[in-house]
Amino acid sequence: MRQVFVRRYLRGPYVSWAQATHPVGEDERGLLLWLPVGADFACRVGLDGDPLRDAPGIEDYGAAPLQRRTWTDLDVLILHPPGAAHSVWWFFKNKGFHGWYVNLEARPARRTDAIDVVDHHLDIVVTPDREWRWKDEDTFTDRTGVPGFWSEAEAQGIRAEGERVAAAIEAARFPFDGTWCDFRPDPSWPRPALPQDPL
Ligand SMILES: [Mg+2]
């Protein structure tokens, strides 16, 4: 595998977010990526200078500039299970496991050194002792039925995907069975840097 693997979020024809990660490996469990503090990322920035996370319309993403930034605060291990409409994130703070995050997203399009994701806004936050809660239900509901986002029927499918993952959390099934909670990166891995043109 290459040294840098780019994880891009698309919104309509626009890249809304691009993360440089280190590819850890890939097997029957899925594609595993390492996103450390200090990695490059790029995001669309609103007039207030903050990342544009939940712009109301597709064209708002096209109008906002894409800026390079540096990832801070949490190291993240990201698993894309094969063909799944979600990814699972392990958060680490000061080298200690800090909980999981489930990002609900359309089944990604995979390329050699990048993966393209369409975020579904609805997420699940999971504590290290497997207490879980929905996150961003309000913006998920707001966007339901909006052109370029998801229909009412698709919204039901997105929530059902989350409920299947929640069942795995409650049962402490893989990947919520302790796997990789002690993960540490190889110190020789380079800082993930975005290519010159992440678009
Ligand atoms: Mg999300």
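**Charge, fold and metal site in a predicted model**

Colleague: How many positive and negative side chains does the chain have, and how far apart do the centres of the two sets lie?

Modeller: In this predicted model, the chain has 23 positive and 31 negative side chains. The centres of the two sets lie 4 Å apart.

Colleague: What helices and strands does the chain have, and why is it called as compact as a globular protein of that length?

Modeller: The chain has 3 helices and 12 strands. Its radius of gyration is 16 Å, and the globule rule gives 16 Å for 199 residues, so the chain is as compact as a globular protein of that length. The C-alpha trace spans about 40 × 40 × 30 Å along its principal axes. Of the contacts between residues at least 6 apart in sequence, 58% join residues at least 24 apart.

Colleague: What makes Asn103, Asp119 and Asp123 donor residues of the magnesium ion?

Modeller: A donor is an N, O or S atom within 2.8 Å of this metal. Asn103 (OD1), Asp119 (OD) and Asp123 (OD) coordinate the magnesium ion at 2.1 to 2.3 Å, so they meet that cut-off. Their spacing in sequence is N-x15-D-x3-D. Water is not among the atoms, so the site may look incomplete.

Colleague: Why are aspartate 119 and aspartate 123 called buried?

Modeller: Buried means under 20% relative accessible area. Aspartate 119 has 15% relative accessibility and therefore counts as buried; aspartate 123, at 2%, counts as buried as well.

Colleague: How do you know that valine 102 is buried, and which residues does it touch?

Modeller: Valine 102 has a relative accessible area of 0%, which is under 20%, so it is buried. This valine lies in strand β8 (residues 96–105). Leaving aside residues up to four places away in sequence, valine 102 touches several residues, including Asp123, Ile124, Val126 and Phe176. Its C-alpha atom is separated by 4.7 Å from that of valine 88, which is 14 residues apart along the chain.

Colleague: What is the phi of asparagine 94 and of histidine 121, and is each residue buried or exposed?

Modeller: Asparagine 94, in the loop between β7 (86–93) and β8, has a positive phi of about 50° although it is not a glycine. At 75% relative accessibility, asparagine 94 is over the 50% cut-off and therefore counts as exposed. Histidine 121 lies in strand β11 (residues 119–126), and its phi is near 70°, also a positive value in a residue other than glycine. With a relative accessible area of 4%, under the 20% cut-off, histidine 121 is therefore buried.

Key
Residues numbered from 1 in each chain as written. Predicted model: local features only at pLDDT ≥ 70, side-chain atom pairs only at ≥ 80, totals over all residues. Heavy atoms only, no water. Donors = N, O, S within 2.8 Å, 3.2 Å for Na, K, Ca; no water. Buried < 20%, exposed > 50% of the residue type's maximum accessible area, 1.4 Å probe, protein only. Helix = DSSP H or I, 4+ residues; strand = E, 2+ residues; numbered from the N terminus. Rg over C-alpha atoms; globule rule 2.2 N^0.38 Å. Contact = heavy atoms within 4.5 Å. Lys, Arg positive; Asp, Glu negative; His and termini not counted. Charge placed at Lys NZ, Arg CZ, Asp CG, Glu CD.
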